[in-house]
Amino acid sequence: MSLPILTAVTNSVVESGLVTAFDRRDLGVTVVRRCVDLPDLLAAATTGAARAALLSADLRRLDRDALTRLAVAGVAAVGLITPGDEDGERRLRQLGVAAVITTDATAEIVASAVVEAVRALADTDHVAGLLPAAYSRPAPGFATLTPVADGPAPDALSEPGDGRVIAVWGPTGAPGRTTVALGLAAELAAMGMPTLLVDADVYGGAIGQLVGLLEEAPGLAAAARAANQGVLDVPRLALLCRDLGGGLRILPGIARPSRWPELRPASVEVVLAMARRLASFVVVDCGFCLEMDEELSFDTSAPRRNGATQVVLAAADTILAVASAEPVGLVRFVRGLADLREAVPGADPWVVVNRLRASAIGKDARREVARAMARHVGMEPVAVVPLDVAAMDSAQAAGQLLRDVAAQSPARLAISELAARVAGRPVRGRRRRSPVRR
């Protein structure tokens, strides 16, 4: 039985030659539609009439989002490039196309690439893995058709980085996710480990303002656009980051919540994969909401506001769940933690209690919070951060890091101990009771 395929090839001579060869010879593939542009290709793919698509590297408006829509529709992509087009091959592989062949290849080679691409897509058991997070591995038998003379080999580029992704999440109510994420990244960098702090809050990031960066500074949105276009690499990501010195980089987020559609989940996943190669630790401040946008889930091509948060949590090596130490905040955390475990099956988050103060909890606030956590969520917090209003206000007013403004702040010392735990280093001894604001 022949595989039905679509074509969207900008070179009409090449396209006509392939269609003719497939019609005259039994190569196992049949062209069911010749598409004139990308919208026509996407529309034809949604009908379910094809299993694969032949497309040119220079097809107008071809990006990662379009390839994701093809994959969701069950259509495998096979890229066509002109002989010697190294930039075209590199871009297609960065977009996640595994089978890339030259236009002078025989019809038998093209048909074999189509069959291999369809088989690879069928072996994928979940939508999130339809496209690789970064540079794709060449499909078997199609690795050396157009070798790239300059730069890393495709196999080397497809290897994941060694950096660890630390996602900082917390429920609604502003428990202090950004404060913990910023302090943690600063302390990890102070230990001599290159650290990248990413602001992935789709409801409006604030990290840029906290460190004195301009609102217009390019950051995660620009990196996501580059990833969607297949041009993001480690050097470009480094240029989009702001270097604060001492091994700490910042990738600012979106200052306006209305810009959330720019943070497409597939693109954010690529950014995280590149970030692993840029830094030893990647600390991500993500949004609070975990809803699946069920009204949009039936239209898989529609953007999902919380998709970026879910991608970050799924990709994280460690999840820090931040709770605010007051009755309302603790109740919200208990309910939110159940949602987190449902959204990310198998997640084992580290609980961090922030803003601890005796005035809201009681005389022995640390012990009461530990008991409440053990009783309601089955685990004790790995870190308890006391509320230090004066130090926090001074850091925000100066646009500087807490470690630089108030090195002996109880909040800073608690976050420093948390960073040591995250890095797997010995935790410095502290007094039995940390100062708690009354």
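**Briefing: helices, a parallel sheet and one crossing**

Helix 5, covering residues 107–122, runs for 16 residues and spans 23 Å between its first and last C-alpha, close to the 22 Å expected at 1.5 Å a residue. Keep in mind that this is a predicted model. Overall, the protein has 19 helices and 13 strands, and buried residues account for 53% of its 438 residues. Of the contacts with a separation of 6 or more, 74% link residues 24 or more positions apart.

- Quite a few helix 5 side chains are tucked away: Ala107, Val110, Ala111, Ala113, Val114, Glu116, Ala117, Val118 and Leu121 are buried.
- Note that Glu116 is on that buried list, along with alanines, valines and a leucine.
- Over in the loop between helix 1 (12–24) and strand 2 sits Arg25.
- Arg25 has a relative accessible area of 40%, so it counts as partly exposed.
- Arg25 and Glu108 are 83 residues apart along the chain, yet their C-alpha atoms are separated by 9.6 Å.

- Five strands make an open sheet with parallel pairing, and the order reads 2-1-3-4-5.
- Strand 2 (29–34) and strand 5 (99–102) sit at the edges, each pairing on one side only.
- From one strand to the next, the twist averages 30°.
- Strand 1, residues 3–8, pairs with strand 2 in the parallel sense through 5 bridges.
- If you want a spot to check in that region, look at Thr7, whose bridge partner in strand 2 is Arg34.
- Helix 4 (residues 86–95) packs on this sheet and touches strand 3 (52–56), strand 4 (76–81) and strand 5.
- The direction of helix 4 makes about 165° with that of strand 4.

**Helix 7 meets helix 19**

- The axes of helix 7 (residues 177–190) and helix 19 (residues 410–423) come within 9 Å and cross at roughly 65°.
- As for handedness, helix 7 passes helix 19 in a right-handed crossing.
- Helix 7 brings Thr179, Val180, Gly183, Leu184, Glu187 and Leu188 to the contact.
- From helix 19, the residues involved are Arg412, Ile415, Ser416, Leu418, Ala419, Val422 and Ala423.
- Sorted by class, the contact of helix 7 with helix 19 comes to 8 nonpolar, 3 polar and 2 charged residues.

How values were computed
Residues are numbered from 1 along each chain as its sequence is written. This is a predicted model: local features need pLDDT of at least 70, side-chain atom pairs count only at pLDDT 80 or more; totals for chains, interfaces and linings use all residues. Side-chain values use heavy atoms; hydrogens and water are left out. Helices (H or I, at least four residues) and strands (E, at least two) are DSSP runs, numbered from the N terminus. The expected span of a helix is 1.5 Å times one less than its number of residues. Buried means under 20% relative accessible area, exposed over 50%, partly exposed in between (1.4 Å probe, protein chains only). Two strands pair if DSSP finds at least two bridges between them. Axes are lines fitted to C-alpha atoms, for helices over the stretch in contact, and angles run from 0 to 180 degrees between N-to-C directions. Contact means heavy atoms within 4.5 Å. A crossing is left-handed if the near helix is turned anticlockwise from the far one by less than a right angle, and right-handed if clockwise. Ala, Val, Leu, Ile, Met, Phe, Trp, Tyr, Cys and Pro count as nonpolar, Asp, Glu, Lys and Arg as charged, and the others, Gly among them, as polar.
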